[in-house]
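Dear colleague,

I am handing over the structure that we talked about, and below it you will find some notes on what was found. Please read them with the model open beside you.

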Amino acid sequence: MRIGRDELGEAFFHENKGYFWGLIETRPFMRAAMNYAAFLQKIGDLTAAITQYEELLELNPADNQGISYMLFIAYCDDEQFRKASELLKRYPEDSAQDAYNQTLIEILSNGLTDKANQLFLAAKKVNKYVVDLLTGKKKLPADIPDYYSFGDKNEAAVYVSEHQHLWNRVPKLKEWLSN
């Protein structure tokens, strides 16, 4: 990362902020920075990971790398629920990821509210397979799939593998999800 930053130069970063990913010469830096942020998150240095993810989104607001997914988890791990919610609004999509994260952030912020219940019912329509994995009725596959289609079992497996630890924070989760 340091070599890439030095080679490109700070002026280049400043001039190309906002469409960095579109420049082929930036991609090694962007990939290294993403992996570094993921490493920081994994070892529990959430402040540094969040800073790195936020810089990546400033450089590439189109989010070609899917940084917003990792940043959402980091915000939740750091209990920055307002920022997590704002991130979902900034990067909306029709996916299980978005639908279940809307539900999750409502629960983590406000508890098991009527709004959380409505969001959950809507999320189940987007991908019905997530619930069985979250409740443990079905086990995650040994190998998490590399690819998925919206609404399929693979999408559910990918989502749950990345977000289970956040859902586990919800008291009486299994009972609530089973209703």
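In which helix is tyrosine 36 found? Tyrosine 36 belongs to helix H3, which covers residues 27-42, where helices (H or I, at least four residues) and strands (E, at least two) are DSSP runs, numbered from the N terminus.

Before going further, please keep in mind that this is a predicted model, in which local features need pLDDT of at least 70 and side-chain atom pairs count only at pLDDT 80 or more, while totals for chains, interfaces and linings use all residues. Residues are numbered from 1 along each chain as its sequence is written, and side-chain values use heavy atoms, with hydrogens and water left out.

As for the chain as a whole, its secondary structure comes to 11 helices and 0 strands. The C-alpha atoms fill a box of roughly 55 × 30 × 30 Å along the principal axes.

Tyrosine 36 counts as partly exposed because its relative accessibility is 37%. Arginine 2, in helix H1 (residues 2-8), has a relative accessible area of 73% and is therefore exposed. The C-alpha atom of arginine 2 is separated by 46 Å from that of leucine 177, which lies 175 residues apart from it along the chain.

Glutamine 164, in helix H10 (residues 153-167), has a relative accessible area of 18%, so it is buried. Its side chain makes a polar contact with the side chain of asparagine 168 at 2.8 Å; such a contact is a pair of N or O atoms within 3.5 Å, and within protein one must be able to donate a hydrogen and the other to accept it, while residues adjacent in sequence count only if both atoms are side-chain atoms. Leaving aside neighbours within four places in sequence, glutamine 164 is in contact (heavy atoms within 4.5 Å) with Leu133 and Leu134.

Terms used:
Buried means under 20% relative accessible area, exposed over 50%, partly exposed in between (1.4 Å probe, protein chains only).
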